[in-house]
Structures are given as structure tokens and as C-alpha cells.
Amino acid sequence: MMALACALVCAILLLVDFITKTFAEAYDVFTNYFLGLVKLDYEPNYGMMLGIANTSPGWVMDLVTVLTGFMIVGIGVLFFTAFKRNKPAQVCLAVIEAGAIGNFVDRVCLGYVRDFISIKKVWFIPGYICNVADIYIMVGAIVLIFIILFIGKSAVFPITKKWREEGKKEDELRAAAKKEKAARKAEKRNQKK
């Protein structure tokens with residue numbers, strides 16, 4: 001059931017990404033910076049996320065395309081293995097997957113990614129150009145890291161006492177099961193002698 005819900009989330013976000021990219025490319029919107037920081041400014045991106053290495057040779061785009069393909073497969077594997085019992089993490093993976101697929105389709109079908117959200121350079125923070133898929137990837141990754149670190153009984157640093165206690169009990173059960181398994185192996189070895 002959760003896999004179906006996450007697939008639906010991924011499909012909806014992917015649709016939004018494709019619609020916004022198509023609109024930006026068709027109308028090539030140029031506006032003033034919104035709040036002095038962000039404007040719509042269509043630009044094909046032949047490099048990496050956030051317009052990094054946009055003027056790089058073609059092999060960089062090929063490499064990024066291959067790595068994105070591996071990322072898409074890896075996210076699917078993580079969804080059904082490492083995070084199969086962590087619903088918030090699965091939702092984050094679905095969001096990241098939507099962004100990765102959106103940019104992968106652009107790279108494969110067009111040979112570039114359609115970027116259109118221009119973020120102005122502010123103080124020491126460099127300016128970037130991105131698209132909705134890039135935002136999915138960044139936000140999904142940040143929230144996923146937060147979940148891994150703090151949310152749930154299997155978190156690195158669980159923030160609630162209940163999660164810490166549940167995690168401790170699971171660790172104790174795992175340790176007991178491991179000891180029992182080792183004792184059975186030792187017993188079998190002794191019986192063979």
C-alpha cells in the first residue's frame with residue numbers, strides 16, 4: 001500500500017516538473033527578481049544540478065546521465081530494503097526519485113536539462129539556476145537526512161524517549177538472537193567432533 005502511495009506521489013511530482021519545464025521552455029519567461037532573489041529565466045543546462053559545469057564538454061553530460069540512472073535504481077532498492085519500514089523516509093525517497101527521473105528524461109530525450117529558476121548571488125552564496133526537479137532532490141535529501149538522524153526508533157539520535165527505548169529494546173533482542181545463533185553453531189561444531 002505504501003509503495004503505491006509513494007508511486008502516486010512520485011507521478012504527481014513528475015507531472016508538475018514536466019509541466020513547469022514545458023511552460024518555461026515554451027514561453028521563455030524573463031521577469032525581474034522576485035523579492036530581489038529569484039526570477040524565471042529559461043536556460044538549457046548541459047552540466048549538473050544547479051547549473052554547475054553548464055559549459056562542460058559533452059562527456060560530463062553523459063557521465064551525469066549514467067550516474068542519474070544508477071541513482072534512480074539505487075533509490076528504488078533503498079525504498080524496498082533499508083527503508084522498507086520507515087514510511088517518512090519512503091516518502092522522501094519518492095520525492096527524490098521524481099526529481100531524478102524528471103532530469104534523467106530531459107538528459108536522455110533532449111540532451112540537456114531545462115532549468116528556469118534563477119537564484120541571484122547573495123553575499124557569499126553563489127547564484128544558481130535550477131528547476132523544480134532539482135528542488136525535489138535537494139528538499140527530499142535534506143528531509144531524508146533529518147529523518148535518518150532524528151525520527152523513529154531506528155534513527156541515529158532519536159529525539160523522543162519512546163523511540164530511544166524502542167530502539168534499545170530492538171538492539172537487545174538482536175544481540176540476544178545473535179548470541180543464540182552463535183551458541184547453536186558452536187553446539188553443532190561440538191556434536192560433529
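**Stop 1: the largest pocket**

Helix α5 gives the largest share of the lining of the largest pocket, three residues. This is a predicted model, in which local features need pLDDT of at least 70 and side-chain atom pairs count only at pLDDT 80 or more, while totals for chains, interfaces and linings use all residues. Residues are numbered from 1 along each chain as its sequence is written, and side-chain values use heavy atoms, with hydrogens and water left out.

Select α4 (132-150) and α5 (161-192): each supplies at least two residues of the pocket lining. Helices here are DSSP runs of H or I with at least four residues, strands are runs of E with at least two, and both are numbered from the N terminus. The largest pocket holds about 420 Å³ of space. Of its 17 lining residues, Ala82, Arg85, Asn86, Lys153 and Ser154 are the closest to its centre. A pocket is an open set of points on a 1 Å grid over the protein atoms alone, where a 1.4 Å probe fits, with protein on both sides within 12 Å along at least five of seven lines; lining residues have an atom within 4 Å of a point. Grid points are joined across faces, edges and corners, and the volume is the space filled by probe spheres set on them.

Colour the lining by residue type to see eight nonpolar, four polar and five charged residues. Nonpolar covers Ala, Val, Leu, Ile, Met, Phe, Trp, Tyr, Cys and Pro; charged covers Asp, Glu, Lys and Arg; the others, Gly among them, are polar.

**Stop 2: the aromatic pairs**

How many aromatic pairs does the structure hold? There are four. Select Phe79 and Phe80, an edge-to-face pair with 4.9 Å centre to centre and 70° between the planes. Rings of Phe, Tyr and Trp (its six-membered ring) pair if their centres lie within 6.5 Å; planes under 30 degrees apart are stacked, over 60 edge-to-face, and the rest tilted. Phe79 is buried at 8% relative accessible area, whereas Phe80 is exposed at 55%. Buried means under 20%, exposed over 50%, and partly exposed in between (1.4 Å probe, protein chains only).

Next select Phe146 and Phe150, whose ring centres are 5.1 Å apart with planes at 50°, so this pair is tilted. Both sit in helix α4, four residues apart, about one turn of the helix. Phe146 is partly exposed at 44%, and Phe150 is partly exposed at 25%.

**Stop 3: Gln90**

Select Gln90 in helix α3 (residues 87-110). Is Gln90 buried or exposed? At 4% relative accessibility, Gln90 is buried. Leaving out residues up to four places away in sequence, Gln90 touches Met2, Cys6, Phe79, Phe83 and Lys84, where contact means heavy atoms within 4.5 Å. For a distance check, the C-alpha atoms of Gln90 and Gly76 are separated by 9.6 Å, and the two are 14 residues apart along the chain.

**Stop 4: the whole chain**

Zoom out and show the cartoon. The protein has five helices and three strands, in the order α-β-α-α-β-β-α-α along the sequence. The C-alpha trace spans about 80 × 40 × 35 Å along its principal axes. Of the 193 residues, 32% count as buried.
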